[in-house]
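Biologist: I would like to learn how to read a structure like this one. Please take me through it feature by feature.

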Amino acid sequence: MQSLNEQSHALVVGASGALGAAFVERLLTDTPIATVWAAARDPNAAVIQGLMAQHGSRVRPVAVELTDARAIAAMAEQVGQETPQLHLLINAFGLLHDDKHGIWPEKKLEDLSVEGLEANFRVNAMAPALIAQACLPLLNHRERAVFASLSARVGSISDNRLGGWYAYRASKAAQNMFTRGLAIECSRRARRVICLALHPGTTDSGLSEPFQKRVPEGKLFTPDFAARQLLTRIDEATIEDSGCFLAWDGAPIPW
């Protein structure tokens, strides 16, 4: 990445997940970045500890509970106390299913539940908005900065041809609307911040695992491949791209 240097700082939220950890690893390996904050519910997770063992003090773990607005604010405060500004913030988390709480993508309207709707909207729509609210002051400075939120093609209203998956689709569509609105606001008050909604493709992770049998051959990506592709999109983005919804290969996705 040409846009990050020895004075750059990044925050990856969801760093203990497959794709989040891949983002942290690629940033540390492929750039001279000073610091990557790795935010997760459990900052002592084995994957984060492994990154720290490999990359030392360039990795900074920080705790966050995505369903708790106060925890998100506390994360931003901790980062801000030790890092003067952020040049990249990646929201690398999402909720599609939760077996423990009986949350599963709906096949038909009768499958809808209040619990499923609330869980999807809290994680997929509300958390990115609250993270932006808490962290925009760290992104708003004299240098280029990017707020990148991982969305999903199934959140496209225009592209919905199969139906189903009501809560996940709707929460991702809400996330997309937030990202678009944030980009417009940043054009007025944080003019060097680029806001992107990014689709990683189907990535081999816990989120996609139950649905991988239906993925066409060659379309199930490793987390490392998806991270590298999306970091290229982030690196290439200009202020004119702010508010766009892009796939892993750079192709625009209709809202």
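This is a predicted model: local features need pLDDT of at least 70, side-chain atom pairs count only at pLDDT 80 or more; totals for chains, interfaces and linings use all residues.

Biologist: In what order do the strands of the open sheet lie?

Modeller: Strands of a sheet pair through backbone hydrogen bonds, either parallel or antiparallel. Here 7 strands form an open sheet in the order β3-β2-β1-β4-β5-β6-β9, with parallel pairing. Helices (H or I, at least four residues) and strands (E, at least two) are DSSP runs, numbered from the N terminus; two strands pair if DSSP finds at least two bridges between them.

Biologist: Which strands stand at the edges?

Modeller: β3 (59-63) and β9 (244-247) do; each has a single partner strand, so one side of each is left without a neighbour in the sheet. From one strand to the next the twist averages 20°. Angles run from 0 to 180 degrees between N-to-C directions, and axes are lines fitted to C-alpha atoms, for helices over the stretch in contact.

Biologist: Over how many bridges do β5 and β6 pair?

Modeller: β5 (residues 145-150) and β6 (residues 193-199) pair in the parallel sense over 6 bridges. A148 has L196 in β6 as its bridge partner.

Biologist: Which strands does helix α5 touch?

Modeller: Helix α5 (residues 166-189) packs on the sheet and touches β5, β6 and β9, its direction making about 160° with that of β6. Contact means heavy atoms within 4.5 Å. Helix α6 (residues 223-236) also packs on the sheet, touching β4 (88-91), β5, β6 and β9, at about 150° to the direction of β6.

Biologist: Is R26 buried or exposed?

Modeller: Buried means under 20% relative accessible area, exposed over 50%, partly exposed in between (1.4 Å probe, protein chains only). R26, in helix α1 (residues 18-30), is buried, with a relative accessible area of 17%. Leaving aside neighbours within four places in sequence, R26 is in contact with T31, D224, A227, R228 and L231.

Biologist: Which residues line the largest cavity?

Modeller: Rolling a probe the size of a water molecule over the atoms shows where empty space is left. A cavity is a set of points, on a 1 Å grid over the protein atoms alone, where a 1.4 Å probe fits but cannot get out; lining residues have an atom within 4 Å of a point. The lining of the largest cavity is N91, F93, V123, N124, P128, S149, L150, K172 and Q175. Its largest share, 3 residues, comes from α4.

Notes
Residues are numbered from 1 along each chain as its sequence is written. Side-chain values use heavy atoms; hydrogens and water are left out. On a 1 Å grid over the protein atoms alone, a cavity is a set of points where a 1.4 Å probe fits but cannot get out, and a pocket is an open set with protein on both sides within 12 Å along at least five of seven lines; lining residues have an atom within 4 Å of a point.
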